[in-house]
Amino acid sequence: MSYVYDDQNIFAKILRGEIPNTTVLETEHSLAFRDIHPQAPTHVLVIPKGPYVCFDHFAQSASDAEIVDYVRAVGEVCKLEGVEADGFRLIANAGKNGVQDVPHLHVHILAGRLLGSMLARG
Ligand code: 5GP
C-alpha cells in the first residue's frame with residue numbers, strides 16, 4: 001500500500017503552527033498535545049512531525065531516529081501524565097475500518113478512569 005499524505009489535515013496545520021494546541025511534550029521528531037474532545041481525564045495525542053498517514057506507513061517509511069524518538073515520546077508522556085500506576089490505553093486508529101478521522105499518524109493515550117471493554121459494538 002502506498003500512502004498519499006494530505007498536508008491540509010488538521011495535525012499538519014498544528015505542526016505548522018496554523019492552529020493552536022496544548023502541548024504536553026515536544027521532541028526533535030514528535031509532538032504530544034491534549035485532545036480537543038477528551039474521552040477520559042487524560043487524553044493526549046502523540047504525533048510524529050514527519051508526513052505519515054498511519055502507523056504502518058510510519059513503521060515502513062520513517063527513519064530509525066524518528067521511530068525511536070516517537071516511541072520514547074509516548075513513554076515520556078506516560079511518565080509526565082503519571083498514568084503507569086492505574087494503567088492506560090494506547091490507541092492508533094487507521095483508515096476507514098479503523099475509523100481514523102485525521103490522516104496523520106497519532107496515538108491516543110487515554111487514562112484516569114476505567115476505560116471499559118476494548119471495542120464498542122456497532
Ligand atoms: P481519530 O479518530 O483520527 O483517531 O482521532 C482524531 C482525534 O483528533 C479526535 O479524538 C479529535 O478529538 C482530535 N482532534 C480533532 N481536531 C483537533 C484539533 O484541532 N485539536 C486537537 N487538539 N485535537 C483534535
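How many nonpolar, polar and charged residues does the lining of the largest pocket have? The model examined here is predicted, with local features needing pLDDT of at least 70 and side-chain atom pairs counting only at pLDDT 80 or more, while totals for chains, interfaces and linings use all residues. Residues are numbered from 1 along each chain as its sequence is written, and side-chain values use heavy atoms, leaving out hydrogens and water.

The lining has 17 nonpolar, 12 polar and five charged residues. A pocket, on a 1 Å grid over the protein atoms alone, is an open set of points where a 1.4 Å probe fits, with protein on both sides within 12 Å along at least five of seven lines, and its lining residues have an atom within 4 Å of a point. Altogether 34 residues line the largest pocket, and D35, Q39, H43, N93 and H108 lie nearest its centre. The space in this pocket comes to about 1,000 Å³, a volume being the space filled by probe spheres set on the points.

What takes up the space of the largest pocket? The ligand does, by the rule that more than half of a molecule's atoms must lie within 2 Å of the pocket's grid points. Around the ligand are 16 residues, of which D35, N93, D101, H106 and H108 come nearest; to count, a residue needs a heavy atom within 4 Å.

Polar contacts (pairs of N or O atoms within 3.5 Å) can be followed next. A polar side-chain atom of D35 is 2.5 Å from a ligand oxygen atom, and one of H108 is 2.8 Å from a ligand oxygen atom.

Conventions:
Nonpolar A, V, L, I, M, F, W, Y, C, P; charged D, E, K, R; others polar. Polar contact = N/O pair within 3.5 Å; in protein donor to acceptor, adjacent residues only side chain to side chain.
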